[in-house]
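Reader: Please put the model up. I will then ask about it piece by piece.

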Amino acid sequence: MTAILGISAFYHDSAAALVVDGEIVAAAQEERFTRIKHDLAFPKQAVDYCLRDAGLTAEQIDHVVFYEKPFLKFDRLLETHLAVAPAGFGSFLKAMPLWLHEKLQLTRVMNQGLGGLYRKRYVFTEHHEAHAASAFFPSPFAEAAIMVLDGVGEWATASLGHGAGSTVTLSHEMHFPHSLGLLYSAFTYHCGFKVNSGEYKLMGLAPYGEPKYADLILRHLLDLKADGSFRLDQSYFNYCGGLTMTSEKFSRLFGGPPRRPESALTARELDLAASVQKVTELITLRMAAHLHQLTGSKNLCLAGGVALNCVANGRLLRESPFKNIWIQAAAGDAGGALGAALFAWYQLLENPRTPRSPDSQQGSLLGPAHAASEIETLLRSQQAVYRHCPDDAELCTQVASLIADGKVVGWVQGRMEFGPRALGNRSILGDARSPAMQSVMNQKIKFRESFRPFAPIVLRDRAADYFELRPDQESPYMLLVAPVRADKRMPPATSSPRGLAQVNEPRSVIPAVTHVDYSARIQTVDETRNPRLHQLLTAFDRLTGCPVLINTSFNVRGEPIVGSPADAYRCFMATNMDVLVLENFILLKAEQPADARVNAQAYLNQYEKD
Ligand SMILES: [Fe+2]
């Protein structure tokens with residue numbers, strides 16, 4: 001037996017993944033245990049979980065693999081800061097103590113994290129090797145083109161290559177500071193959102209605006225080549241030397257300073273979001289076309305933070321020359337832990353690989369599950385009022401009927417998801433047919449901005465009835481956006497409002513999951529990957545004739561997605577959620593003791609706004 005532990009840490013979204021004889025046994029992000037969003041510390045609890053799950057101790061691990069080469073990265077930081085000194089001195093001083101104490105002493109920190117029990121050598125992969133491995137090795141393809149796009153690891157910001165059998169080969173690279181991820185983050189920052197987490201909001205905001213500034217971006221900020229590679233004019237940015245992302249010259253070009261976080265959104269932010277989104281799509285499409293020429297493959301694998309841009313992914317699917325696309329569910333840096341472990345097993349140890357259908361990612365349900373006995377003990381200790389419904393079919397029928405009645409349901413089942421999205425095991429579910437549901441769920445349940453769109457889950461075999469997807473195309477990890485079919489849309493109101501006022505306009509028979517541009521971020525649900533969720537959707541379809549539900553992550557604004565049943569119970573009691581389902585236990589909010597309610601504001605205050 002060969003056990004390989006992959007680790008990503010010290011930037012954002014620390015994670016651990018365990019691969020035993022090539023099988024992905026367990027993987028989890030540290031934030032789900034520590035309850036600190038994007039936790040970047042050594043993933044102690046995630047490692048402990050992985051080992052516990054496999055019944056191993058750190059002593060029994062054969063290889064521990066870290067997802068980047070720390071000295072290469074140190075080299076990049078040093079060189080960048082020296083190049084812009086003394087202007088860069090502020091961020092240099094800020095970055096260096098962390099580096100000196102944690103990153104350059106990585107071996108010591110990892111030894112400590114593993115309780116001194118691991119005494120073999122550490123393996124370090126390059127950052128993009130780890131992303132590429134996470135994209136290709138779990139995919140269903142024997143061979144595929146690989147595209148990695150992110151902010152930055154060591155030096156590489158974009159990598160193109162090819163995977164075949166047990167090998168990934170990266171042949172073309174773009175280097176820091178020229179980075180599509182950092183360009184997107186710069187606009188995220190300028191629009192008043194948090195870098196490395198607000199990118200998703202910017203993508204959600206884009207359809208409300210007009211891409212008025214796209215030409216300006218293409219003319220001034222970047223020099224884009226036919227093959228999709230580009231150089232960024234650094235005079236518009238500040239991430240090399242300063243503590244902000246954009247410079248004053250950037251503000252002058254786009255007509256004003258960065259928006260203050262939490263202040264009202266104006267047409268300018270909507271238009272900036274639409275513009276950078278359009279440019280991002282243009283660049284990814286060009287790169288993909290070039291990659292197709294290089295490889296001649298019909299299959300494409302994606303990873304890196306930019307691969308979470310599901311709108312761009314949807315266009316790649318529809319407009320790029322590739323026929324099939326597979327995207328790593330944990331496309332961001334957390335997935336680097338999994339990629340590092342798989343890279344060691346296949347590429348370094350040269351083990352044979354047999355691709356599997358639908359893939360080897362197991363629905364990305366790779367985290368901890370909780371036993372019924374543990375849940376019952378928790379519920380008793382909280383004096384919660386609950387019903388036990390041991391029959392799965394009966395449970396799904398009951399929950400489907402509650403959702404059809406307009407109830408919002410917290411749904412905790414099986415193993416926790418690996419990656420940033422809740423895929424139906426730590427989710428909040430609601431009726432997608434309800435025109436009021438988007439604002440109810442945003443404001444009363446998640447306490448977040450009203451413009452944030454919701455994603456649908458749909459039975460895989462029925463997806464093409466509602467969305468413009470090829471019948472054989474699936475989207476198991478909620479990473480593809482596709483238009484709602486014309487026959488499911490509703491005619492626009494005669495005096496269509498513009499901007500954010502559009503949010504409450506129903507625009508299809510599933511208005512709660514139809515974005516203002518008639519798009520939807522789809523998760524297809526199949527029986528293989530998630531039988532319980534498939535059963536629930538089937539029950540809802542039987543009851544209502546609609547195989548679609550809203551699926552959003554089980555958390556409030558700024559909170560990591562719930563991990564344990566205790567996390568879920570607390571969040572349930574702090575929000576206006578109507579029903580909580582923990583495995584086969586059903587709790588109705590109306591029946592819970594009044595003194596068990598958690599103050600919503602106090603609950604929210606624990607978490608920094610994202
Ligand atoms: Fe990355």
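Reader: Leaving aside its neighbours within four places in sequence, which residues is Asp 39 in contact with?
Author: This is a predicted model, in which local features need pLDDT of at least 70, side-chain atom pairs count only at pLDDT 80 or more, and totals for chains, interfaces and linings use all residues. Residues are numbered from 1 along each chain as its sequence is written, and side-chain values use heavy atoms, with hydrogens and water left out. Contact means heavy atoms within 4.5 Å. With those neighbours set aside, the residues in contact with Asp 39 are His 12, Asp 13, Ser 14, Glu 30, Glu 31 and Thr 34.

Reader: Is Asp 39 buried or exposed?
Author: Asp 39 sits in the loop between helix H1 (31–34) and helix H2 (44–54); helices are DSSP runs of H or I, at least four residues, and strands are runs of E, at least two, each numbered from the N terminus. A residue is buried under 20% relative accessible area, exposed over 50%, and partly exposed in between, with a 1.4 Å probe and protein chains only. Asp 39 has a relative accessibility of 8%, so it counts as buried.

Reader: What is phi of Asp 13, which is one of the contacts of Asp 39?
Author: Asp 13 is in the loop between strand E1 (3–8) and strand E2 (15–20). At 13% relative accessibility, Asp 13 counts as buried. Its phi is positive although the residue is not glycine, with a value near 55°.

Reader: Which residues coordinate the iron ion?
Author: Donors are N, O and S atoms within 2.8 Å of the metal (3.2 Å for Na, K and Ca); water is not among the atoms, so sites may look incomplete. Along the chain, the donors of the iron ion are spaced H-x3-H-x18-D-x182-D. At 2.2 to 2.3 Å, the coordinating residues are His 127 (NE2), His 131 (NE2), Asp 150 (OD) and Asp 333 (OD).

Reader: What is the geometry of the site of the iron ion, judged from the angles among its four donor atoms?
Author: Four donors count as tetrahedral if all angles lie between 85 and 135 degrees; four count as square planar and six as octahedral if opposite donors are over 155 degrees apart and all others between 65 and 115; anything else is irregular. The angles among the four donor atoms of the iron ion run from 88 to 174°, and the site is irregular.

Reader: How many residues apart in sequence are the parts that His 127 and Asp 333 tie together?
Author: His 127 is buried at 1% relative accessibility, and Asp 333 is buried at 6%. His 127 belongs to helix H6 (residues 127–136) and Asp 333 to the loop between strand E12 (324–327) and helix H13 (335–348), so the parts they tie together are separated in sequence by 206 residues.

Reader: Which elements do the buried residues of H6 pack against?
Author: Nine of the ten residues of H6 are buried, so the helix is largely enclosed by the rest of the structure. Among them are His 127, His 131 and Phe 136. The buried residues pack against strand E6 (143–149), strand E7 (156–164), strand E8 (167–175), strand E11 (299–303), E12 and H13.

Reader: How far is the sulfur of Cys 389 from the closest cysteine sulfur?
Author: A disulfide is a pair of cysteine sulfur atoms within 2.5 Å, and a search of the whole structure finds zero of them. Cys 389 is buried, at 7% relative accessible area, and Cys 396 is buried at 0%. The closest sulfur to that of Cys 389 is in Cys 396, too far for a bond at 8.6 Å.

Reader: What is omega for the peptide bond from Ser 357 to Pro 358?
Author: Pro 358 is in the loop between H13 and helix H14 (372–381). The peptide bond from Ser 357 to Pro 358 is cis, with omega near 0°.
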